[in-house]
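Visitor: I'm new here, and I'd like to learn how to read a few features. Could you show me the model?

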Amino acid sequence: MPSITTIHESLPYIDSPPTSTQLTTAQTLITRERTLHPDDPNHALLPPPYHPQFLTPLLTSEFSRLSSTSPPPKLNALDLSRYNTLPSQPPNPTPHSLQSELSKAYTSHAYISSRRSHLALLDTYGKTAWLVGNYHLEGELKALEKELAQTKQEIDLVTLARKTRQEEVGSEMRMLEENWKMGVGRVLETEVATEGVRREVLGVLAGRE
């Protein structure tokens with residue numbers, strides 16, 4: 001069991017350091033608590049299995065089919081081939097087929113034109129936008145680092161002020177503690193003396209009877 005050497009800044013500065021027996025007792029309690037509620041990722045309690053309640057027989061069969069397929073099937077929701085190559089002319093064109101091919105060609109032309117426009121804009125303004133974005137991110141990073149440094153400085157100042165204040169009243173606290181111990185001792189002595197007097201009185205009364 002590793003020894004505890006870290007002292008939290010929240011602890012008082014004027015109290016006596018804990019003894020080895022006290023540290024051992026505290027570590028035993030911590031170990032017992034971790035046994036009941038482990039916080040180590042390697043020994044963490046596994047969550048209970050999840051059983052969804054919304055599954056229908058159709059969804060269950062579809063999930064079973066997908067999980068049994070190796071490798072898993074790819075979803076082809078969009079046919080991207082129409083945007084990669086131009087449509088070829090059918091061997092025996094008909095008005096209906098020509099209308100369909102014309103629609104495909106128009107879609108492909110619109111996509112390619114839009115893509116060329118976007119690439120031209122990216123080539124013209126992309127580098128500048130990237131540099132401007134990096135500049136703003138660098139400014140935010142510097143601001144956060146400055147705020148972090150200020151926060152650490154404030155924490156150090158508060159800790160130093162608290163330590164100084166505790167050291168200033170340390171002697172007074174020790175004196176009050178000694179006075180309290182002396183007062184408790186005198187109370188105990190008084191109670192013992194009172195009990196002795198009471199027994200003497202009871203003894204005298206019992207002798208007279």
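Visitor: Which side chains meet K181 in a salt bridge?

Guide: A salt bridge is a side-chain nitrogen of Lys or Arg within 4 Å of a carboxyl oxygen of Asp or Glu. Here the partner of K181 is E177, at 3.7 Å from N to O. Before we go on: this is a predicted model, where local features need pLDDT of at least 70, side-chain atom pairs count only at pLDDT 80 or more, and totals for chains, interfaces and linings use all residues. Residues are numbered from 1 along each chain as its sequence is written, and side-chain values use heavy atoms, leaving out hydrogens and water.

Visitor: Where do K181 and E177 lie?

Guide: Helices here are DSSP runs (H or I, at least four residues), numbered from the N terminus. Both residues belong to helix 5 (residues 170-208), four residues apart, about one turn of the helix.

Visitor: How many salt bridges does the structure hold?

Guide: Five. One of them, also in helix 5, pairs E195 with R198, residues three apart, about one turn of the helix. Their closest N and O atoms are 2.6 Å apart. Salt bridges that share partners then join E195, R198 and R199 into one network.

Visitor: What do the side chains of E138 and K142 do?

Guide: They meet in a salt bridge, 3.6 Å from N to O. Being four residues apart in helix 4, they are separated by about one helical turn. E138 is partly exposed, with 43% relative accessible area, while K142 is exposed at 51%.

Visitor: Where does helix 4 bend?

Guide: A bend at a residue is the angle between axes fitted to the seven residues ending there and the seven starting there. Helix 4 (residues 95-168) bends by about 55° at Y125. Among the buried residues of helix 4 are S97, G126 and T159.

Visitor: Which residues does the "coiled-coil region" annotation cover?

Guide: Residues 134-161, according to the unreviewed UniProt entry. UniProt positions are given in the numbering used here, feature names are shortened, and annotations may be inferred rather than shown by experiment. In the model, that stretch is 100% helix and 0% strand, with its end C-alpha atoms 40 Å apart.

Note on methods
Helices (H or I, at least four residues) and strands (E, at least two) are DSSP runs, numbered from the N terminus. Buried means under 20% relative accessible area, exposed over 50%, partly exposed in between (1.4 Å probe, protein chains only).
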